[in-house]
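Biologist: Could you walk me through this one? I'd like to go from the overall fold down to single residues.

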Amino acid sequence: MDGAFRFMKRLWRAVHQHVAAGPAPALDVGTLDEAQRTLRRQVHETLVKVTTDIGKRRTFNTAIAAVMS
C-alpha cells in the first residue's frame with residue numbers, strides 16, 4: 001500500500017506541475033520515431049483503460065496498476 005500511495009503522490013505532483021505550466025505546444029506526430037510512437041500508443045491505451053476502470057467499472061486498484069505499468 002505504501003508503495004502505491006507514494007507512486008500516486010508522485011504522479012499527482014507531476015500532473016499538477018504539467019497543468020500549472022500551461023498548454024503544451026502542438027505535437028507533430030510525423031516527427032516521432034518508432035519508440036516514441038510505441039510509447040504514445042501505450043499512453044493512450046492506458047488512458048482508455050483507466051477511464052473505463054474508474055468511470056464505468058469503479059475498480060480503482062486495476063486503474064492504479066495500469067498507470068504503474
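Predicted model: local features only at pLDDT ≥ 70, side-chain atom pairs only at ≥ 80, totals over all residues.

Biologist: What pattern does the protein follow along the sequence?

Modeller: Helices (H or I, at least four residues) and strands (E, at least two) are DSSP runs, numbered from the N terminus. By that count there are 3 helices and 0 strands. Read along the sequence, that gives α-α-α.

Biologist: What radius of gyration does the protein have?

Modeller: The radius is taken over C-alpha atoms, and the globule rule is 2.2 Å times the number of residues to the power 0.38. The C-alpha atoms fill a box of roughly 40 × 25 × 20 Å along the principal axes. A compact globule of 69 residues would come out near 11 Å, but this protein has 14 Å.

Biologist: What share of the residues count as buried?

Modeller: Buried means under 20% relative accessible area, exposed over 50%, and partly exposed in between (1.4 Å probe, protein chains only). Of the 69 residues, the buried share is 9%.

Biologist: Which residues form the positive surface patch?

Modeller: Patch members have over 30% relative accessible area and no salt bridge, with like charges joined within 9 Å and nonpolar side chains (Val, Leu, Ile, Met, Phe, Trp, Tyr) within 5 Å. A salt bridge here is a side-chain nitrogen of Lys or Arg within 4 Å of a carboxyl oxygen of Asp or Glu. R13 sits in helix α1, residues 2-20, and is partly exposed at 44%. The positive patch is made up of R6, K9, R10 and R13.

Biologist: Which residues make the nonpolar surface patch of about 240 Å²?

Modeller: V19 lies in helix α1 and counts as exposed, at 60% relative accessibility. The patch of about 240 Å² is made by L11, V15 and V19.

Biologist: How far apart in space are A65 and A4?

Modeller: A65 belongs to helix α3, residues 60-68, and is partly exposed, with a relative accessible area of 44%. A65 and A4 are 61 residues apart in sequence, and C-alpha to C-alpha their separation in space is 8.6 Å.

Terms used:
Residues numbered from 1 in each chain as written. Heavy atoms only, no water. Areas by Shrake-Rupley, 256 points an atom, 1.4 Å probe, with all protein chains shown as cover. Lys, Arg positive; Asp, Glu negative; His and termini not counted. Charge placed at Lys NZ, Arg CZ, Asp CG, Glu CD.
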